[in-house]
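Colleague: I'm new to this one, so please take me through it feature by feature.

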Amino acid sequence: MDGTILLFLLQDGITNGAVYALLGIAIVLIFAVTRVIFIPQGELVAFGALTYALLEAGRLPGTVWLTLAFGALAFAFDLAASLSTGIDARKLTRSAGLTLALPAALLAVTYGVAGAGFGPGVHILLTLALVTPLGPYIYRVAFQPIASASILALLITAVGVHLALVGLGLVFFGAEGVRAPSLSELTLELGPLLVSGQSLVIYAVTLLAIGALWFFFERTLWGKALKATAVNRLGARLVGIRTTFAGALAFGLAALVGALSGILIAPVTTIYYDTGFLIGLKGFVAAIVGALASYPLTAVAALAVGIVEAFSSFVASDLKEVIVFMLIIPVLVWRSLTQPHVEEED
Amino acid sequence: MTSPPAATHAQPLRSEAPMTARSEAALPPTTAGGPQTEDQRSIPRGRLKLPPLEPCIAIAVFAAIMAVLPLVPGVPLFAITLIGNIGLAALVALGLVLLTGVGGMTSFGQAAFCGFGAYTTAVLTTTYGWSPWATLPVALLVAGSAAVVLGLLTVRLSGHFLPLGTLAWGISLYYLFGTLDILGRHDGISGIPPFSIAGHDLTDPRTVHYLIWGLVIGAAILTMHLLDSRVGRAIRALRRGQLAGESFGIDAARMKLVVFVYAALLAGLSGWLYAHVTRTVTQTPFGINAGIEYLFMAVLGGAGQIFGAVVGAGLVTVLKEALQRVLPQVFGHGVQLEAVVFGILLVGLLQVAREGVWPHIAALWPARGRPVPPDAPALARRGASAAPSEKLLVLDGAVKKYGGLTAVNAVSFAVGRGEIVALIGPNGAGKSTTFNLITGVTRLTTGAVRFEGMDITGAPPQEIARLGIARTFQHVKLNPEMSVLENVALGAHLRGHAGVLASMLRLDRRDEARLLGEARRQIERVGLAEHMLKPAGSLALGQQRVVEIARALALDPVLLLLDEPAAGLRHKEKEALAALLRSLRAQGMSVLLVEHDMGFVMGLTDHIVVLDFGTKIAEGPPAAIKTNPQVLEAYLGGVA
Amino acid sequence: MSVEPGIRPGAVEATVLLDIAGASIAYGKVRAVEGASLRVGAGEIVTVIGANGAGKSTLLNATMGALPLAAGTMTFLGRDVGRLAVEERVALGLSLVPERRELFSTMSVEDNLVLGGFRVARAVARDTLAEVYDRFPRLKERRRQLAGTMSGGERQMLAMGRALMGRPKLLMLDEPSLGLAPRIVADIFRIIADLRASGVSILLVEQNARAALAAADVAHVMELGTVTLSGPAAVLARDERVIESYLGFH
């Protein structure tokens, strides 16, 4: 392995690692606020990528129907909850607006935009708008009803959601893979290394997204409220933060980040309806290194995962996945030892 | 049967900072996550009641039906094949029931162990020409060894790290199966010979049916025996947290590994059968989706229920078959919706019926009352120790620091033989920490603990229990679903000997009878005979504390450590408890107790140690403590 | 400096702020509180004393909505609040300082306080923050410090300050003296008296019966989940049974 290959693998690893970092951060965010280990984060990435690639290809993405369906389901849950506690017209109208009117409006807009020759900018915004609401809808339907259940029940639910989303991905997007055109045709020569514009875009967007999340959590009341919910759920409720809203917000942010990651990787690799799972799990490895709690540690670990993956696919491409996933085990053991599970007796 | 979580969640408003979330390793049906959970609804006991049914009769009836089924004319071949598939899945689900439902360890990776069994026999029969029967021990050995290696790593994982770990190695092994040349890479191995008996190939599903279901029923019986034994109680004690078990000498890590390997062996057995039934092995049935399906079966059937495994396997397998037939007709070919349906069902199941299907079926029969165990020969008592000159228990300059905080600061005191000593002090004074230092739950920062003249500083709880120190807990740690009798029998764990094999083969009955007899005697001794067969969780909190005392007595201890034994007791019950402790003292037992009820303490104890802010501020006989100005100040605060 | 100017001290006897009638609270099948009743009038300090495990904290938690009511009613300001979520009760003016404080330990003192005012308008929160800093100068000195690094007494002050940021009409305190040195306990009770003087009503659960009875107007004794004695605090402080069980060794 000479220096150029080394550099090339390093760059490849960092590019993938940047996307895993976004994923890992989204997974940490959801876990911290809701205790849900969100296995299907990768599906949101795949949906984002597929949506963007299809829009770029001038086709109507199945996401519109998916969002519409999940919105209707979320409304059904709100309605049922409302019927059992006494109807609150104001709440219900608000819910209808967010779960029925919004996806309908998105459908109309997408019909107008798809194939009408708009540029990547519009397609990116539309992709984000289509995928982001899925987060809160999924939270409403699958997780909010059992919000106080054990982490394990939430994890099994997450696995169920993963199964359903992969299947729905096939239904709404079909089995064929798609790839979007690069976001930038530029190439940069750095010594022996050719850095593609797409890689630069990935680095820039990842850094910007991390910066924006930092600003949100450190400088805004809502961000602080989310953080507070993560630190102490009961304390958050006692100051009047609705944990269900915090949960929906966390899922919304995670879906936004997922869609963004999808747009970033759509030009890099061919995406199928079920590609998301493996990508998402790599974000997971990073999130677990960060103990599902630390954002910076997660980001660093994600870069490491990307690099390990790049090198193992060069050295033993068949065993790439085996190596990456077996890496979790020592990490888990280390985490278990450093955060021993204590049974408090006070 | 909902478990009243009060026993384990005595402190309702505990913040749930996610990184330190409590042990939620157990499966949903019995883990009430917190005070606001809605999963405390109980199983509706159907009005329809069938006559009582002994499990052995139920199994015999089921076995008879299975035996007759292939002979019934008109039963189509595909139905027999389907039932065979149910049997194969039920074996894996049975292991998961034990692992997840009983032991509290969730695994998404069981399908990989099927893979070990299947690939082992596939390679040995096709490449090396072994007979299918001869490969069974090797298949089990391979699956078992893999389980030992993965288990050593996995069972140590805490909380939700454990299921994530299984997910990780589940995926890794799936890819590994598809990568290795010897396993035929992605094409797998075909042309595997069928089972054959005396030259007759068992290629007809009707004959293989007997082999499959014979093994399923055999495994179910062995598993049932295992659960209803000394080892079974230890396994069942795991899911409620390890501390209680360890305090009675159970090696929790080893027990977990045993369960893990047992579940893997059942999966390996299923894989071995599968290879010779389908005669082709590829990586697909051993991937993570299959692992999720097996877990789904266990949860759907009712995790923790042996019959639930069969019911869950049956429902999922039939549903899958039906979906594969129906959905393409409705939605057109090429669209596989069964994953969607499974996913939605799994999500829905956790929302509406987390306890699974079996408890609802079981509710059709009246609750089966087990008889009070007959009197059995008493267990051997602990030999009298050579009484050294030192006091029984000596705490010498014990210090415990947590970061910058000193919870226990240079505390020294002693408990003499046949003495009742009380540790008192305001909340947060360090009493419970002191208890944990003595019982090995927490390690001392500096200082020493000596018992019978022996240095026990830093010894683990199991070792402390072996030496004859038994304890109760401030927050009751009983298994609420187990009967009072079984909970107390857990206390006598170290006095029995039967192991896993003996339990499965029912060679443990004499040992078991003596353990239960001892438990019965201790329950009668503390005056709870009428509650002996009730689930421990159904008793009032005060009575549960007394059950804990009976459990401690079953250890045949030299020293009893009681953490707030009188809390929650009514006046008469407190008097009875005091009388019991006095009679124990008269028989030479030593007692160290933490208690808030001053009336109780003053009238009972020989010696009192007062802690405040982790420091001993006074000790002496009750009369002296009552009038000690420092004690009065600590108790009444500076506001008086 | 008034934290809650809405209630005039003159109207004390007239308005019942909180009315709990026949409340039963259970964990699963086990009832922790059985048929408890009590009222808190505007401007009053009401205390509930009793041993560990008597059900005092359970009652407070249920009043806050963190535990469901198995039977009985709860009315706050004339409105049935028995089925409302914690957050909705906060919005109505109920506030709880729980036994474990439940601070946001990895966040700064000021962030904790700012979040305490999550439900109130920005401008009001800003004024209230100034008031809280006036009442607890120590918190102002330590505003940048992480809540988790503060001493026990400071954390109790922060928990009370955070609760006051929501401008509650009724402040519920669960064992505010727990684990604090006697000198700090005296400080806390001085603050409680100050708060009442500025118009906040207080429901106080305490094991330190002597201090609680000295501070309160009305007292209730809980034993094994039921209220066994009720009356003016001064009367209960002289009651033989109370003295025997809670105030001394004999």
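Colleague: Which residues of α4(B) are buried?

Modeller: In general, an α-helix has 3.6 residues a turn, so residues three or four places apart point the same way. Here, the buried residues of α4(B) are B:P132, B:T135, B:A139, B:L140, B:V142, B:A143, B:A146, B:A147, B:L150, B:G151 and B:T154 (buried: 20 or more other C-beta atoms, placed from the backbone, within 10 Å of a residue's own; exposed: 12 or fewer; partly exposed: in between). Keep in mind that this is a predicted model, where local features need pLDDT of at least 70 and side-chain atom pairs count only at pLDDT 80 or more, while totals for chains, interfaces and linings use all residues. Residues are numbered from 1 along each chain as its sequence is written, with chains lettered from A and ligands numbered from 1 in the order in which they are written.

Colleague: What do the buried residues of α4(B) pack against?

Modeller: They pack against α3 (110-126), α5 (161-177) and α9 (252-278) of chain B (contact: C-beta atoms, placed from the backbone, within 7 Å). Helices are DSSP runs of H or I, at least four residues, and strands are runs of E, at least two, numbered from the N terminus.

Colleague: How far apart are the end C-alpha atoms of α4(B)?

Modeller: They're 31 Å apart, which agrees with the 33 Å that its 23 residues (132-154) should span at 1.5 Å a residue (1.5 Å times one less than the number of residues).

Colleague: Now the sheet: in what order do the strands of chain C run?

Modeller: Strands of a sheet pair through backbone hydrogen bonds, either parallel or antiparallel. In chain C, 6 strands make an open, mixed sheet, ordered β6-β7-β8-β3-β9-β10 (pairing needs at least two DSSP bridges). β6 (94-97) and β10 (226-232) of chain C each have a single partner strand, so one side of each lacks a neighbour in the sheet. From one strand to the next, the twist averages 15° (lines fitted to C-alpha atoms, for helices over the stretch in contact; angles from 0 to 180 degrees between N-to-C directions).

Colleague: How do β9 and β10 of chain C pair?

Modeller: β9 (218-223) and β10 of chain C are antiparallel, with 6 bridges; C:V221, for one, is bridged to C:L229. Helix α1 (56-64) of chain C packs on this sheet, touching β3, β6, β7, β8 and β9 of chain C.

Colleague: How many residues does each chain give to the contact between A and C?

Modeller: Chain A gives 14 and chain C gives 20. On chain A's side, α9(A) supplies the largest share, 5 residues.

Notes
Two residues are in contact if their C-beta atoms, placed from the backbone, lie within 7 Å.
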